[in-house]
Amino acid sequence: MNIHEYQAKSLLRTYSVPVPQGGVAFTPREAQEIAETLKGPVWVVKAQIHAGGRGKGGGVKLAKSEEEVNTFASQILGMTLITPQTGPQGRVVKKIYVEEGCSIAHEFYLSLLIDRATSRLTFLASTEGGMEIEEIAKTHPEKIIRVSVDPVAGFQSFHGRKMAYGLGLKGEQVNELTRCAKGVYEVFVNLDATLIEINPLVLTSEGKILALDAKMSFDDNALYRHQDLENLRDLDEEDPVEHQASLNGLSYIKLDGNIGCTVNGAGLAMATMDIIKLYGGEPANFLDVGGGAPRERVTEAFKIILSDPNVKGVLVNIFGGIMRCDIIAEGIVAAAKEIHLHIPLVVRLEGTNVELGKEIFAKSGLPIISLDDLSQAAQRIVEEVKEAA
């Protein structure tokens, strides 16, 4: 789950990470009123969407008067903001964040994420603030500082000092950076985050460290422990189909292809998408129905896949361990009949109650193609979709 910049900054402030003062506004008048409560003479007006690169799309403006805050707010609110991360369709801006400006001496990059290769939490820091970390890694990999933290021992002062010295900080700035990094680490661990990115983290002309921007993502599987975080969810920023899937206990991500996939298990789902591409097709989604889904969840999964107008065929790949093949078959048949299936459907079942599942398909009266071999099933659905086209 992602949250907005203003929400991320509020959480950082709770953990003593220094951030500028500001407020969220939904109208130009509210934006001006917020500016009147903040120190000038410069204010920053920022579009609030779940995507980076807002400045490149015209979603970040520097205002030099309270009236100009109102003007920029009028321009940004309601606009369809297109950035490298939104795709060509863009996002409609429904709220903005107004904060006091600052005098910047230098911009840095700072983030914290999970490094699965080392089983550590890893800080990434760079003197090239304001740039995307992917671009830094490509053009100046030597300028990326990596500091790994063993979660058993936790964050220690030497972690902060290593980053600070690498960024060229001196004196009290080293202590400030260390305190800032410690706060970021505590937010990450205590709130089950998966990514915290501050870009830029700035050194002001007064010699102070300040988080000028903030992006946070959280582990959906841990939200049951954090109802306060769940309340920060902005459904306007999420794909409505993906949200509907999550309400039904399904892991669903829409992709750009035309072959829908229904699979049980994340690893099997990725392998299924790979083999579709191997035979020249393009998967339309990632969908994991889980290990012990009831018939109703399977039916809902199938309906969600077929609600995508780009889907021209469906491949079902089920390995029946905890999940029984007859339950999958019943759910698929129920959904196919309800929505009057009119596109090719190839099913590969293996495991618990596989013969019962095949029998259900055979008696359904539906044009379901049942195959035992995954390679044959993937090749067949690709051929069927191409032939139908």
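Modeller: Ala, Val, Leu, Ile, Met, Phe, Trp, Tyr, Cys and Pro count as nonpolar, Asp, Glu, Lys and Arg as charged, and the others, Gly among them, as polar. This is a predicted model, where local features need pLDDT of at least 70, side-chain atom pairs count only at pLDDT 80 or more, and totals for chains, interfaces and linings use all residues. Residues are numbered from 1 along each chain as its sequence is written, and side-chain values use heavy atoms, without hydrogens and water.

Biologist: Which residues line the second largest pocket?

Modeller: Rolling a probe the size of a water molecule over the atoms shows where empty space is left. On a 1 Å grid over the protein atoms alone, a pocket is an open set of points where a 1.4 Å probe fits, with protein on both sides within 12 Å along at least five of seven lines; lining residues have an atom within 4 Å of a point. Here they are Gln85, Thr86, Gln89, Arg91, Glu237, Glu238, Asp239 and Pro240. One is nonpolar, three are polar and four are charged.

Biologist: In what order do the four strands of the open sheet run?

Modeller: Strands are DSSP runs (E, at least two residues), numbered from the N terminus. Two pair if DSSP finds at least two bridges between them. The order is E1-E6-E2-E3, with antiparallel pairing. E1 (22-25) and E3 (60-63) are at the edges with a single partner strand each, so one side of each lacks a neighbour in the sheet.

Biologist: How many bridges join E1 to E6?

Modeller: Four join E1 to E6 (residues 96-100). Among the residues involved, valine 24 has tyrosine 97 in E6 as its bridge partner.
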